[in-house]
Amino acid sequence: VKQAGCALVVARDRPAPGGVASIRYDDEEPPAAAVPASGARAGDLAYVMYTSGSTGAPKAVAVPHRAVVRLVRPMAFCPAGPGDVFLHAAPPAFDA
């Protein structure tokens, strides 16, 4: 958090480290009217992920919105329906 220079952190069950301001959330989905339009563009930063890479030292990786949208939009290369079952072969936090 300190290395990334975060001004605000979204947190679930504990405050952000280092005295950074945080917004708490719960598992409830907010009403659509309560979620403001972001105005974000495809190349804008969506989030920062930390990885150890090959050095073993934490390294920040900037992930743009286009990388996230690619994962959640309908995928023509891998159609999936309600009756399909998939093996989850990576940790839930893995950023595919």
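Which strand is the place of Leu8? I found Leu8 in strand 1, which covers residues 8-11. Keep in mind that I'm working with a predicted model here.

Next I checked how open Leu8 is. Its relative accessible area is 47%, and since exposed would need over 50%, Leu8 goes down as partly exposed.

Leu8 makes a nonpolar patch together with Val10, Ile23 and Tyr25. I noted an area of about 390 Å² for this patch.

Zooming out, I went through the fold.

How much of the chain is buried? I noted 5% of the 96 residues. The accessible surface of the chain is about 8300 Å², and carbon and sulfur atoms account for 60% of that.

I also checked contacts along the chain. Taking those between residues at least 6 apart in sequence, I see that 15% join residues at least 24 apart.

Last stop: salt bridges. I count one. Asp44 pairs with Arg41, and their closest N and O atoms sit 3.7 Å apart, which is inside the 4 Å cut-off.

Are the two partners buried or exposed? Arg41 counts as exposed because its relative accessibility is 59%. Asp44 has 25%, so I put it down as partly exposed.

Note on methods: Residues numbered from 1 in each chain as written. Predicted model: local features only at pLDDT ≥ 70, side-chain atom pairs only at ≥ 80, totals over all residues. Heavy atoms only, no water. Buried < 20%, exposed > 50% of the residue type's maximum accessible area, 1.4 Å probe, protein only. Contact = heavy atoms within 4.5 Å. Areas by Shrake-Rupley, 256 points an atom, 1.4 Å probe, with all protein chains shown as cover. Salt bridge = Lys/Arg side-chain N within 4 Å of Asp/Glu carboxyl O. Patch = residues over 30% accessible without salt bridge, like charges linked within 9 Å, V, L, I, M, F, W, Y side chains within 5 Å. Helix = DSSP H or I, 4+ residues; strand = E, 2+ residues; numbered from the N terminus.
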